[in-house]
There are 2 protein chains.
Amino acid sequence: MFSNALRRNGIGLVFAGILAGAPMLAQTSSELNVMPLPAKVQLGNGALPIDRGFTIGFVGFRDERVDRAGQRFLAQLHRETGIVFASAGSQAGVLARRDAVRATLLVTTNRDSKPVQELGEDESYTLEVTSSEAKLTAPTTLGTLRGLQTFLQLVSITPNGFSVPGVSIQDQPRFPWRGLMIDSARHFMPIGVIKRNLDGMEAVKMNVFHWHLSDNQGFRVESHRFPKLTSEGSDGLFYTQDEVREVITYARDRGIRVVPEFDMPGHSTAWFAGYPELASGPGPYQIERRWGIFDPAMDPTNDKTYKFLNDLIGEMARLFPDQFFHIGGDEVNGKEWSANPKVQDFMKARNIKNNVELQAYFSQRVQEIVVKHGKTTIGWDEVLIPGVPKTVVIQSWRGAESLSAAAKQGYSGILSNGYYIDLGWSAARHYTVDPMGGVAANLSDDEKKRILGGESTMWSEFVNAENVDSRIWPRNAAIAERFWSPQNATDLDSMYRRMEAESIRLEWLGLTHRTYQRQMVQRMAGPASAEETAALMALVEALEPVKDYTREALATEEPTSQTPLVRVVDAVNPESSTSRRFSANVDQFVAGSCQDAGLSANLRVQLTQWAKNDGSVETAGLRSSIVKEATPASSALSQSAELALGALDRIAQGLPVPDDLKKQQIDALNAFENQAHKSQLTIPARAAFQKLIEAAGSGGTCTGSK
Amino acid sequence: MFSNALRRNGIGLVFAGILAGAPMLAQTSSELNVMPLPAKVQLGNGALPIDRGFTIGFVGFRDERVDRAGQRFLAQLHRETGIVFASAGSQAGVLARRDAVRATLLVTTNRDSKPVQELGEDESYTLEVTSSEAKLTAPTTLGTLRGLQTFLQLVSITPNGFSVPGVSIQDQPRFPWRGLMIDSARHFMPIGVIKRNLDGMEAVKMNVFHWHLSDNQGFRVESHRFPKLTSEGSDGLFYTQDEVREVITYARDRGIRVVPEFDMPGHSTAWFAGYPELASGPGPYQIERRWGIFDPAMDPTNDKTYKFLNDLIGEMARLFPDQFFHIGGDEVNGKEWSANPKVQDFMKARNIKNNVELQAYFSQRVQEIVVKHGKTTIGWDEVLIPGVPKTVVIQSWRGAESLSAAAKQGYSGILSNGYYIDLGWSAARHYTVDPMGGVAANLSDDEKKRILGGESTMWSEFVNAENVDSRIWPRNAAIAERFWSPQNATDLDSMYRRMEAESIRLEWLGLTHRTYQRQMVQRMAGPASAEETAALMALVEALEPVKDYTREALATEEPTSQTPLVRVVDAVNPESSTSRRFSANVDQFVAGSCQDAGLSANLRVQLTQWAKNDGSVETAGLRSSIVKEATPASSALSQSAELALGALDRIAQGLPVPDDLKKQQIDALNAFENQAHKSQLTIPARAAFQKLIEAAGSGGTCTGSK
């Protein structure tokens, strides 16, 4: 076993998330499959048909980026509808400027956005659709990009072919910083993975790609100045500078800024593999293969460290045009500093009392370097120490209190606590976290302005190129809505309905969040019978990985970067749609005093499938070590479903159920849940099973109890 | 409606395909999931574990292509197993030459293959696997490439993790020309589609990619000499010369030759859009958007035509390094020639009696140009006319008789009749066609040597980038086996079992033949309920497109290159695995006198699902015009299944069934089949339904009749 007590990604305050409802908003826009919900929606009459005659025209500001946006728009519209537009090939459907006014969708862009996209640029747009035409108008190219995505989401199949409903939309984001962080250090993510996720971000109007590029397990960007960073610190898995530029261009085309992170002075073992002289310990160092927090840290007392960082930050500041430069700064345990007499002497000589103050000294000097190279520093909570300039932006993994405290001191910040998508939470749980929630609600208006938005974070200990999309999507769409849409967009049913629709659309962009599961099942099943494969699919569709950091805690063998990610826990979605729908049906059934025969039949079908499912899984487990490992969870699911089925029977037959039997059964459910934990899996329908057991009335009636 | 009477792809002789069985071969190698079956397989003892310690080493000839093959091998092995090999990053698992002898898999390559891959090069290899090591030995790099694929197919999951069974394989191809043709002209296929299909070809040891690059609907390769070929004749959808070179390199890495086809003098309307002076008619010409055979043909009487072709063929001969150059030559209807007085004068002056002779004159001159540029001509049957040099190779769409006749005259040829994968045949039907079958079996040994192999042909009237993979795979794997494996490999059960396993593996290569279906269903369903989506999936999994050219014949509106390919007929597989398995179960059930209760229950589950399925499809059809169009077929399936279910009931209850009732029911089945045709769909389980009806004994017993 290993320690993860200090893990950044760990302890966090969960927002109460009691937000004011907004019935007016929900009643209009939440009927449309648009995500994030626009600021203002007015449903109109009729619908604009989308057929082969559809054209798009651009007036006002127009450049190559706008042209590419038009091409991308039509390619996506083709994927959504199969329609082959006009007959002008790669220019199909885009009208020349002189003909633009007669386009089906006329796009007017007032001016270009900044050459290097800036925080807080205008992203607003208006979209008017009638039964004969559509008009998209935006002050800047960014608004145009956002509006095109809204239009694409509005296209739907009808009894008369594809069309867009008549609608009037005025839209703008709530927060200027709406980010997704991807950790390319722990598991390297090939450039194709990055690009398709940028496509996904564009679809849900996120505008910051935070690229976590270095950590103990790897340094992932080519440096011409310090080639050993990758030759010794990346296992050959890194991005060339050309590839980085390609990603930046790709992102800019989609209205997305790219903020690089080079984590220091901790989380930097991989740097030391090639440059041990940067470290505070004696070395030698190797790429770290384990997960967690480790001792190696840069030597903050050596001028050569700052010389190195000056050169590297200079090189990277030229490579990454964004105004912001992320220096990490998190989770330094200080052990190397405490063990190094030279460091101790330095501290005494300068009256630096402890390691926190020493890190403050380091941060201060690095922050000066960043500023010298024309950038604004951003770092995790730890960089906020007394004396740090007010220009430094704080990314809070600690939570709302920490962020609010910073805002009160005059610091701007973004919230990531509550948006750690590696923790396996439900979309609803993330959705309920608001950057202005909790104590932030008490901030003054000026202080509130310092809350710039938030970022979801995809830490990659347990994801690789194969399943990373499934950990990001579709839940990230719900988080994107939190950052874009009005605070009163809180209807969970609407959110889930629209998220499921968006999930299908995201697949057209090449995201693999819906296809990876069957492939993983087939790997573990081998040439199994169709029946066994179906049973394994039913299993992975029903279960979820254990939440938060319990995966590490439950591991019998320490997971490393070389552990194959091929198990059932790697194949199950963070949130099971099947179990969520089942649980919602149970709630509805119980709320209706168990009278709804249709719902009852529906529940019975699902429970019977689960109850019978383990047989085929056990058979598959005889031939496959990977399946075998998950058979305790499979048997736990089937036995739990049996119990729930029994409860359903008793409800149907009006049989009395003594309280002690109920208790026994609930105890059994808990035992099954623990049994599933052996495979690092959880049974998300467990609470629903329990509700059925509790609903079976002691006098033979459903009490509707919860 | 439109005529397709003359269509090349049409009329064809179906081989009797009665081939001698080979029980010895089948008993050993057909148990392994290898496709194509190797020439000789001896099963050994034990198994070689595949784990993180696995390494591969290369001795003998080694160059960058071999290195890339090693990388590709390990990447594929990683995808198959999830194992993270060693810790040397992009070089993970590949040992340096000095360490190679201690590799888990030691590869010995004697010499490189030719710089430009040639017809008939040695592709043999031997593979010896024991419980402690594996040795792959090949005379040339091509054999190494083939053997690596066999090894990858042998990897399977076991109760103890992944391993390769002990085995001794000596393998070599039966035919030297094993091709797949893809038509990039009718629907343009982006370069990514081509590449992933080359990956698929490598996996099943095909070695010729025949690239159909021009037709009435488009000219798809950039020509520097004649830029209007693409600027006027491609809708902007074409391959740059750099992209062509990229494909050729990609193919060579995989041991695949690239044979370009420029179809002439017919099938060339797209050329005339930019260069009307080439044509025999007055023009002007536009890109053809319809399918079929059209009048435009090159002017064979004008020296400028040959000057143009000399320059173009020269340019393309330099671009494509392969020895063979395909000039098409098929389906000229001669109407423009007959209507052109100048052409008629020319024919009279030279005593050319008819259009066939005129085409012969044209072919002769083009063939001389091809030879002048250092290439060997290949063309469809029509190029074989008296006096054509014996070096010309014939690709036969007409069939075995035509090909045998050519062989007797001294011409070499390849068979494509029987391998038209656009026709929707079953894998079994293609598999049963043998290039040495039918009249070819009577050829002398010398004549037989002239049968070089065969090619499957993916004509693209009704496929695009989205669904083309599903029309090629997995059936093409069965055809690849026909071309590679011994003639006596004819066990259909074994073929289907291995093809299904290979189908899963092909998905790891990025082929979309298993993922496109759900995406198309979701497009047509829109935001349907999970239940409706499941019903639509069940529908598309049960049905098939109508076969051969009946799709055109049944179309109520003439399909063109602009017709969206989004319908149920576009989403169904050419061969339904579900219906095939159901039909096989019915055969087994009836053969066992309907006594097997397990099988009966199994059939009942499937029939009940089909019988109930139409309800949800009809509901979805109320909201979607695309679904609506297929509801006749959905209702036909459900009603057919009801009839079969009734028959199953009568069998179970031993009820008598009068013959006239049976006849009535069979008539009804036929009527339902016709009803499905309205949506251009067929019910592949229809014959199985009929068997159940017939099996219901008139005296109340199952008679086992067929």
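**A covered helix, a chain contact and a helix pair**

Helix α18 of chain A, spanning residues 516–525, has 9 of its 10 residues buried, so it is largely enclosed by the rest of the structure. The model here is a predicted one. The buried set in α18(A) is made up of A:Y516, A:Q517, A:Q519, A:M520, A:V521, A:Q522, A:R523, A:M524 and A:A525.

Next, the meeting of the two chains. On the chain B side, 51 residues are in contact with chain A, and 51 residues of chain A are in contact with chain B. Between them the two chains bury about 3,600 Å², and 54% of that lies on carbon and sulfur atoms. Within chain B, the residues that lose the most area to chain A are B:I157, B:R523 and B:Q562, which together account for 17% of what that side buries.

Helix α25 (residues 631–653) and helix α27 (residues 686–695), both of chain B, pack with their axes 8 Å apart and at an angle of about 30 degrees. Angles under 35 degrees count as roughly parallel, and α25(B) and α27(B) are therefore roughly parallel to each other. Their crossing is left-handed. From α25(B), the contact draws on B:S640, B:A641, B:L643, B:A644, B:A647, B:L648 and B:I651, while α27(B) puts in B:F689, B:L692, B:I693 and B:A695. Sorted by type, the residues of this contact come out as 10 nonpolar and 1 polar, with no charged ones.

As for α27(B) itself, the helix is mostly covered, with 7 of its 10 residues buried. Those seven are B:R686, B:A688, B:F689, B:Q690, B:L692, B:I693 and B:A695. Besides α25, the buried residues of α27(B) pack against α22 (577–591), α23 (597–623) and α26 (659–677) of chain B.

B:D548 sits in the loop of chain B that runs between β17 (544–545) and α20 (550–554). With a relative accessible area of 34%, B:D548 is partly exposed. Leaving aside residues up to four places away in sequence, B:D548 touches B:L423 and B:W425. B:E202 lies 346 residues away from B:D548 along the chain, and the C-alpha atoms of the two are separated by 28 Å.

Definitions and conventions:
Residues are numbered from 1 along each chain as its sequence is written. Chains are lettered from A and ligands numbered from 1 in the order in which they are written. This is a predicted model: local features need pLDDT of at least 70, side-chain atom pairs count only at pLDDT 80 or more; totals for chains, interfaces and linings use all residues. Side-chain values use heavy atoms; hydrogens and water are left out. Axes are lines fitted to C-alpha atoms, for helices over the stretch in contact, and angles run from 0 to 180 degrees between N-to-C directions. Helices (H or I, at least four residues) and strands (E, at least two) are DSSP runs, numbered from the N terminus. Angles under 35 degrees count as roughly parallel, over 145 as roughly antiparallel, 65 to 115 as roughly perpendicular and the rest as oblique. A crossing is left-handed if the near helix is turned anticlockwise from the far one by less than a right angle, and right-handed if clockwise. Contact means heavy atoms within 4.5 Å. Ala, Val, Leu, Ile, Met, Phe, Trp, Tyr, Cys and Pro count as nonpolar, Asp, Glu, Lys and Arg as charged, and the others, Gly among them, as polar. Buried means under 20% relative accessible area, exposed over 50%, partly exposed in between (1.4 Å probe, protein chains only). Buried area is the accessible area (1.4 Å probe) that two parts lose on being put together, summed over both.
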